[in-house]
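This report describes selected local and surface features of a protein chain.

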Amino acid sequence: MVCTGAKSESDVYKAVKNIIKLLKNHGIEIKSEPIIEIQNIVASAKLRAQVDLEMAAFELEGAMYEPEQFPGLIYRMKEPKVVLLIFSSGNIVCTGARKESQVKEAVDKIYEILKERGVLIE
């Protein structure tokens, strides 16, 4: 079973429990507790500052920025292991996290890195 659209980790667990209950109510035998693995959290964040993407692409090792192809900078963070899509507006999309705490860690970390490198326009 794949669960999409949940707003939090706890919502995933609630959704699975509800589905199990629904299946049981319809006569489907469930022999054991489900194993729940969160594979990919997609989250958005706002830095509340604009980002100079040209400069950020130069400053962030391994960053990809091709504005003719995609309007955001793609940054693969090593720890936590996530991919960040960073837009000049300061909006960020974080993908690949397996825990909500990894999203927070990644956003906090990229904010500090961008601030240190002088690429935030406040």
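## The loop between β3 and β4

Pro80 lies in the loop that connects β3 (73-77) with β4 (82-86). Strands here are DSSP runs of E of at least two residues, helices are runs of H or I of at least four, and both are numbered from the N terminus. The peptide bond between Glu79 and Pro80 is cis, with an omega of about -5°.

The structure is a predicted model, in which local features need pLDDT of at least 70 and side-chain atom pairs count only at pLDDT 80 or more, while totals for chains, interfaces and linings use all residues. Residues are numbered from 1 along each chain as its sequence is written, and side-chain values use heavy atoms, with hydrogens and water left out.

## Arg48 and its backbone

Arg48 is not a glycine, yet its phi is positive, at about 60°. Most residues other than glycine have a negative phi, and most peptide bonds are trans. Arg48 belongs to the loop between β1 and β2 (50-51). With 80% relative accessibility, Arg48 is classed as exposed; the classes are buried under 20% relative accessible area, exposed over 50% and partly exposed in between, with a 1.4 Å probe and protein chains only.

## The loop between α1 and β1

His26 is located in the loop between α1 and β1 and is exposed, its relative accessible area being 63%.

From Ile30 to Ala97, 67 residues apart along the chain, the C-alpha separation is 29 Å.

One salt bridge is found in a search of the whole structure, the term meaning a side-chain nitrogen of Lys or Arg within 4 Å of a carboxyl oxygen of Asp or Glu. It pairs Lys104 with Asp108, whose closest N and O atoms are 2.8 Å apart. Because Lys104 and Asp108 are four residues apart in helix α3, about one helical turn separates them. Lys104 is exposed at 54% relative accessibility, whereas Asp108 is partly exposed at 39%.

## The largest pocket

The largest pocket has a volume of about 740 Å³. On a 1 Å grid over the protein atoms alone, a pocket is an open set of points where a 1.4 Å probe fits, with protein on both sides within 12 Å along at least five of seven lines, and lining residues have an atom within 4 Å of a point. Grid points are joined across faces, edges and corners, and the volume is the space filled by probe spheres set on them. The lining comprises 27 residues, of which Cys3, Val12, Ile38, Asn40 and Ile41 are the closest to the pocket centre.

At least two lining residues come from each of α1 (9-25), β1 (41-46) and α3 (100-116). β1 supplies the largest share, five residues. The lining is made up of 16 nonpolar, six polar and five charged residues, where Ala, Val, Leu, Ile, Met, Phe, Trp, Tyr, Cys and Pro count as nonpolar, Asp, Glu, Lys and Arg as charged, and the others, Gly among them, as polar.

## A nonpolar surface patch

Met1, Ile19, Leu22, Leu23 and Ile28 form a nonpolar surface patch of about 460 Å². Such a patch joins nonpolar side chains (Val, Leu, Ile, Met, Phe, Trp, Tyr) within 5 Å, from residues with over 30% relative accessible area and no salt bridge. Accessible areas come from the Shrake-Rupley method with a 1.4 Å probe, and for residues only the protein chains shown count as cover. Met1 is situated in the segment before α1 and is exposed, at 71% relative accessible area.

Notes: Patch = residues over 30% accessible without salt bridge, like charges linked within 9 Å, V, L, I, M, F, W, Y side chains within 5 Å.
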